[in-house]
Amino acid sequence: MTASQGIALVDRDDDGVDKAFRSDVLAGLRQAQKAIPARWLYDDAGSQLFEDITTLEEYYPTRAETQILEARGPEFRDMIGSDRAVVEFGSGSSVKTPLLLKAIDPAAYVPLDISGDFLRQSSAALSDKFPGLPVYPVEADFMKPVTLPEEVEPMRKLGFFPGSTIGNMVARTAVDLLRSMRATLGGTEGERPLLLIGMDLVKETAVLEAAYDDAKGVTAEFNLNLARRINRELEGTIPVDAFVHRAIWNDDYSRIEMHLEATRDLEFEVCDEHFVMTAGETIHTENSHKFSPRSSNLLLLAGGWTPMARWTDDQGRFSVILAEASEHRNAP
């Protein structure tokens, strides 16, 4: 079965501009520490650049998580069961998603993503690999609850959120997303949904910084692509060549921070609004939090999920956690 054309739930204005993108960019550039949410790195070009990043020697998370998915398939099937609808929060990885689908034999696959063209391309490729699997792509902002296609509503569901994307968010936003996932996946007290989620682990600073500032400069291009996207979609005049990519370990917050740093004093406009930056000033574009088993458990519990099982790769670099939607309780 081929993938459906999908559902588009992104709110755009008459010029086709994503309203949330415009709002987040303008609000972020007005701040004293300029910052733009990391999800806007993933337009079609950004999504492809990230796929390129996952193949780099320095970028260990994809290899580590793939190793887990390859080795633990029978355990996933035993704990998850078959005939669930897999709802992936983000367009499916060409490597990781097929490993999960092959292991658990799902009833349907629903990828959710804000990058419509990339979503449809990845969905079509997935359909080719699994010709008997119904695929229902949904173009939507999964940071908020999403109405799933009616075909999958009655099915038991498994949320899939690989890649430690949850680490891109500060704790408050991560908890909000986990709760939103719970609402998207639905379920009842008698049949609660499951979530399979990747979380990167704390390790040596040099390893972490190299993973986000590779020698070939692919991650730098990924970061700079955000400025190009702003220029293209929001009538921006950002001088892209006046910025450099920075990846810094912040030990206090247990995270790698990505910034675009101005190399000189500059001025630019976005949506007819004027902005000024001085040399050395940055636009904070991404966080990548790293977890311990305790901190990951705490985050999941705060978001309404109870951890059931945890797997790590053979070098202890990365973890994949299976959790169940928590039972509603009125007491500790």
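**Exercise 1. Which elements cover the buried residues of α4, and which residues are these?**

Solution. The cover of the buried residues of α4 includes α3 (60–71), α5, β6 (157–161), β7 (194–200), β13 (305–312) and β14 (318–325); contact means heavy atoms within 4.5 Å. Helices (H or I, at least four residues) and strands (E, at least two) are DSSP runs, numbered from the N terminus.

The model is predicted: local features need pLDDT of at least 70, side-chain atom pairs count only at pLDDT 80 or more, and totals for chains, interfaces and linings use all residues. Residues are numbered from 1 along each chain as its sequence is written, and side-chain values use heavy atoms, with hydrogens and water left out.

Step 1. In α4 (residues 73–80), the buried residues are Gly-73, Phe-76 and Ile-80. Buried means under 20% relative accessible area, exposed over 50%, partly exposed in between (1.4 Å probe, protein chains only).

Step 2. Viewed down the axis of α4, the buried residues fall within an arc of 60°, so they line one face of the helix. The arc is that of the directions from the helix axis to the C-beta atoms.

Step 3. Pro-74 and Asp-78, on the other side of α4, are exposed.

Step 4. Just after α4, Gly-81 has a positive phi of about 80°.

**Exercise 2. Which members of the largest nonpolar core touch the most other members, and which element gives the most to this core?**

Solution. A nonpolar core is a set of buried Ala, Val, Leu, Ile, Met, Phe, Trp, Tyr and Cys residues joined through side-chain atoms within 4.5 Å.

Step 1. The largest core has 42 residues, of which Val-25, Leu-29, Ile-36, Ile-230, Phe-243, Phe-268 and Val-270 touch the most other members.

Step 2. α9 gives the most to this core, with 6 residues.

Step 3. Leaving aside residues up to four places away in sequence, Leu-29 touches Lys-34, Ala-35, Ile-36, Phe-268, Val-270, Phe-275 and Ile-283.

Step 4. Apart from this core lies another, of 32 residues, including Val-87 and Trp-305.

**Exercise 3. Why is the pair of Phe-142 and Phe-161 edge-to-face?**

Solution. Rings of Phe, Tyr and Trp (its six-membered ring) pair if their centres lie within 6.5 Å; planes under 30 degrees apart count as stacked, over 60 as edge-to-face and the rest as tilted.

Step 1. The structure holds 11 aromatic pairs.

Step 2. The ring centres of Phe-142 and Phe-161 are 5.8 Å apart and the planes stand at 80°, so the pair is edge-to-face.

Step 3. Phe-142 lies in the loop between β5 (138–139) and β6, and Phe-161 in strand β6, 19 residues apart. Both Phe-142 and Phe-161 are buried.
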